[in-house]
Amino acid sequence: MVGVWEVWVDGAPFDHHVMMFNAGGTMLQSNPEGGNAVSSDSTGMGVWRAEGDRVLGGFLETRADRVTRLALGRSEIRFDLRVTGDAFTGTAVATTYDRTGTSTGEAPPAELRARRFTAD
């Protein structure tokens, strides 16, 4: 799992992402800031762990209103992946929270597919 991955997420506001998984169990997720028409989302930062042939984890993003530029709250995205060589597939579920920590909704599960980025 360790490395950089180009990821397509069917069901996300913007479907093209880059994820980096570090050996210590942390990860980063990024996609274009303008990819979400509703809110401005930060880079995602999270954690992961291997469980047999599965990789489980999640990441956190902060969200801002595009018009007022005020904080909206956060999104938590939980994922369940299966890695096969230089590819992975899986699902992710995003839950949004307002600034008080109250859930404002959960998106339907999104399908992920990815390929490992290499220097070759």
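Tutor: A residue is called buried when its relative accessible area is under 20% and exposed when that area is over 50%, with partly exposed in between (1.4 Å probe, protein chains only). What you see is a predicted model, in which local features need pLDDT of at least 70 and side-chain atom pairs count only at pLDDT 80 or more, while totals for chains, interfaces and linings use all residues. Residues are numbered from 1 along each chain as its sequence is written, and side-chain values use heavy atoms, with hydrogens and water left out.

We can begin with the rings. Rings of Phe, Tyr and Trp (its six-membered ring) are paired if their centres lie within 6.5 Å, and the pair is stacked when the planes are under 30 degrees apart, edge-to-face when they are over 60, and tilted for the rest. By this rule there are four aromatic pairs. One of them joins Trp 5 to Phe 88 in a tilted arrangement, with 4.9 Å from centre to centre and 55 degrees between the planes. This pair links distant parts of the chain, since Trp 5 belongs to strand E1 (residues 3-10) and Phe 88 to strand E8 (residues 87-98), 83 residues apart; strands (E, at least two residues) are DSSP runs numbered from the N terminus. Trp 5 counts as buried because its relative accessibility is 0%, and Phe 88 is buried too, with a relative accessible area of 1%.

Another pair brings Phe 21 and Trp 48 together edge-to-face, with 5.9 Å between the centres and 85 degrees between the planes. Here again distant parts of the chain are linked, with Phe 21 in strand E2 (residues 16-21) and Trp 48 in strand E5 (residues 44-51), 27 residues apart. Both of these residues, Phe 21 and Trp 48, are buried. The rings named so far belong to one aromatic cluster, which is formed by Trp 5, Phe 21, Trp 48, Phe 79 and Phe 88.

Val 83 is found in strand E7 and, at 28% relative accessibility, it counts as partly exposed. Its C-alpha atom is separated by 9.8 Å from that of Arg 113, which is 30 residues away along the chain.

Now turn to the charged pairs. Side chains of opposite charge can pair when their charged atoms come close. The term salt bridge is used for a side-chain nitrogen of Lys or Arg within 4 Å of a carboxyl oxygen of Asp or Glu, and a search of the whole structure finds seven of them. Strand E1, which holds Trp 5, also takes part in one, in which the side chains of Glu 6 and Arg 115 meet at 2.6 Å, N to O. Because Glu 6 lies in strand E1 and Arg 115 in strand E10 (residues 110-116), the pair ties together parts that are 109 residues apart in sequence. Glu 6 is buried, with a relative accessible area of 18%, whereas Arg 115 is partly exposed at 40%.

Strand E7, where Val 83 is found, has a salt bridge of its own, between the side chains of Asp 80 and Arg 54 (2.6 Å, N to O). Since Asp 80 lies in strand E7 (residues 71-84) and Arg 54 in strand E6 (residues 54-65), this pair ties together parts that are 26 residues apart in sequence. Arg 54 is partly exposed, with a relative accessible area of 27%.

A further salt bridge joins the side chains of Arg 116 and Asp 86 (2.8 Å, N to O). It links distant parts of the chain, with Arg 116 in strand E10 and Asp 86 in the loop between E7 and E8, 30 residues apart. Asp 86 counts as partly exposed because its relative accessibility is 48%. Finally, salt bridges that share partners join Arg 54, Asp 80 and Arg 82 into one network.

Key:
Helices (H or I, at least four residues) and strands (E, at least two) are DSSP runs, numbered from the N terminus.
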